[in-house]
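Thanks for asking me to look through this one with you. Below are my notes, point by point, to read with the structure open.

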Amino acid sequence: MKSVVATTYGGPEVLRVVDAPPPVAADNQVLVRVAASSINPLDWHELRGTPYVVRMMRGLRAPKPSGQAMGSDVAGVVESVGAGVTRLAVGDEVFGFGSGAWSELMVVGESGLVPKPAGVSKTDAGGVGVAAITALQGLRRGGLVAPLTWAPGEVEPMRPRVLIIGASGGVGTFAVQIAKLLGAHVTAVTSTRNLELVARLGADDVIDYTTTEVTRGIARFDLIFELAGNRRLRDLARILTPTGSLVACGAPKGEWLAPLVAPAKLAVASLFSRRTYASFLAKRDTADLQSLADWLASGALRVVVDEVYPADRIAEALAHGEAGHARGKVIVTL
Ligand SMILES: NC(=O)c1ccc[n+]([C@@H]2O[C@H](COP(=O)([O-])OP(=O)(O)OC[C@H]3O[C@@H](n4cnc5c(N)ncnc54)[C@H](OP(=O)(O)O)[C@@H]3O)[C@@H](O)[C@H]2O)c1
């Protein structure tokens with residue numbers, strides 16, 4: 001089978017299409033014929049082996065054979081299942097995420113997949129996995145769990161005020177929609193060309209970061225979901241309510257310690273505050289994937305697709321994603 005691999009660290013030019021032996025699903029795994037995948041920042045961190053801490057896991061000088069297959073998000077069709085798989089069967093259309101998605105076939109633990117809603121194309125479903133799970137789990141980490149409820153005759157409670165910085169990217173476009181589904185008042189920060197997009201996704205207020213710096217304004221937020229990685233903690237803290245939460249997904253760019261210092265600062269700040277300061281890593285969670293599938297099926301959530309690249313242009317797709325200004329998801333079809 002054809003597989004896109006990186007046998008050395010470097011830019012998109014080091015990607016190679018090789019003929020690899022098809023993987024075999026172990027007991028609790030599913031073999032998927034991949035139709036579509038997408039680009040996530042994780043992909044180019046793994047490709048470049050930066051920050052260097054990535055190499056502790058993937059191989060110091062070059063990616064180990066087990067880390068050479070690239071890509072996480074997947075939408076496709078179940079080709080075979082391991083003996084312990086109970087929820088999925090051959091022929092099911094599925095989506096989710098695992099490792100080695102930029103291949104004709106990949107194996108994924110059953111917990112990393114759910115059935116694809118019939119009304120959602122495989123191309124769109126290939127852009128959901130990591131980004132949408134990150135949006136859902138990140139907002140939840142900041143306390144946004146479910147829409148507020150109130151009894152008839154009671155005054156409607158104040159909606160939590162959520163600020164999403166980096167609202168037009170892969171995670172951000174899902175985060176705006178999910179925050180609205182969870183009952184928040186959403187302020188979205190993006191650049192001029194994306195203001196209309198985030199408003200269409202449901203943002204109540206939009207801020208153009210090229211003309212207005214949100215951290216210098218007077219608005220205060222119960223939850224800041226930070227996806228751009230380029231604002232100082234003390235500036236963000238200034239616009240947080242006294243018991244608010246700052247959840248940082250975006251980390252400052254850097255090859256050595258910079259991306260690790262930001263989470264450490266958040267952890268220390270949290271120790272001495274009534275506020276929550278958190279960085280977090282999205283986790284595979286079947287129930288969360290199913291929530292996303294349900295929202296997609298009902299049309300409450302949609303995938304914003306920036307561009308669709310065929311597999312033979314995957315290097316271009318990666319370069320597009322790495323530039324950091326994608327509008328929604330950059331999709332790759334296999
Ligand atoms: N922890 C985890 O598990 C996890 C998982 C996924 C992603 N992440 C992290 O989350 C971040 C976002 O990921 P992504 O996939 O959404 O990236 P992305 O698709 O590249 O989007 C980045 C967005 O940031 C915006 N942006 C750039 N400069 C900005 C600024 N100064 N102020 C506000 N927005 C700005 C861009 O909008 P414009 O084009 O308008 O500039 C773009 O929409 C990345 O740092 C990634 O590493 C973490």
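How do the residues of the shell around the ligand divide into nonpolar, polar and charged?

1. The shell around the ligand divides into 15 nonpolar residues, 15 polar residues and no charged ones. Please keep in mind throughout that this is a predicted model.

2. Staying with the ligand, 30 residues surround it, and the closest are Gly166, Gly169, Gly170, Ser191 and His325.

3. The protein chain is divided into domain 1, made of 2–128 + 303–333, and domain 2, made of 133–279. Taken over C-alpha atoms, the centres of these two domains are separated by 28 Å. Their contact takes 10 residues from domain 1 and 11 residues from domain 2. On the domain 1 side, the residues that touch domain 2 divide into 5 nonpolar, 3 polar and 2 charged.

4. Now for the overall build. The protein chain holds 10 helices and 15 strands. Along the principal axes, its C-alpha atoms fill a box of roughly 60 × 50 × 40 Å. Why call the chain a compact globule in terms of its radius of gyration? Because a compact globule of 334 residues would have a radius near 20 Å, and the protein chain has 20 Å, which agrees. Of the 334 residues, 45% count as buried. Among contacts between residues at least 6 apart in sequence, 65% join residues at least 24 apart.

5. The largest nonpolar core deserves a look of its own. This core has 94 residues, and those with the most contacts inside it are Val30, Val32, Val162, Ile164, Ala175, Val176 and Ala179. Helix α4 (residues 129–141) gives the most to the core, with 7 residues. Domain 1 and domain 2 both give residues to this core, so the core lies between them.

6. Not counting residues up to four places away in sequence, Val32 touches Val74, Gly76, Val77, Val78, Glu79, Val94, Leu105, Met106 and Val108.

7. Is Ala167 buried or exposed? Ala167 is buried, with 30 other C-beta atoms within 10 Å, where 20 or more are needed to count as such. You will find Ala167 in the loop between β8 (161–165) and α5. Beyond its neighbours within four places in sequence, Ala167 is in contact with Gly172, Ala175, Val176, Ala188, Val189, Thr190, Val198 and Ala203. Ala175 and Val176 are also among the core residues with the most contacts.

8. Phe97 lies in strand β5 (residues 93–97) and counts as buried, with 27 C-beta neighbours inside 10 Å. Leaving aside neighbours within four places in sequence, its contacts are Ser72, Asp73, Val74, Gly112, Gly129 and Val130. Phe97 and Ser37 are 60 residues apart along the chain, and their C-alpha atoms are separated by 8.9 Å.

9. Arg232 is found in the loop between β11 (221–226) and α7 (233–238). With 12 C-beta neighbours inside 10 Å, Arg232 counts as exposed, because the cut-off is 12 or fewer. Arg232 and Ala262 are 30 residues apart in sequence, and C-alpha to C-alpha they are 9.1 Å apart in space.

10. One last place to check is a peptide bond. Most peptide bonds are trans. Here, a cis peptide bond joins Thr50 and Pro51, with omega about -10°. Pro51 lies in the loop between α1 (41–48) and α2 (53–58).

Note on methods: Residues numbered from 1 in each chain as written. Predicted model: local features only at pLDDT ≥ 70, side-chain atom pairs only at ≥ 80, totals over all residues. Helix = DSSP H or I, 4+ residues; strand = E, 2+ residues; numbered from the N terminus. Rg over C-alpha atoms; globule rule 2.2 N^0.38 Å. Contact = placed C-beta atoms within 7 Å. Core = buried A, V, L, I, M, F, W, Y, C linked by C-beta atoms within 7 Å. Domains from an automatic or database assignment. Nonpolar A, V, L, I, M, F, W, Y, C, P; charged D, E, K, R; others polar. Near = placed C-beta within 6 Å.
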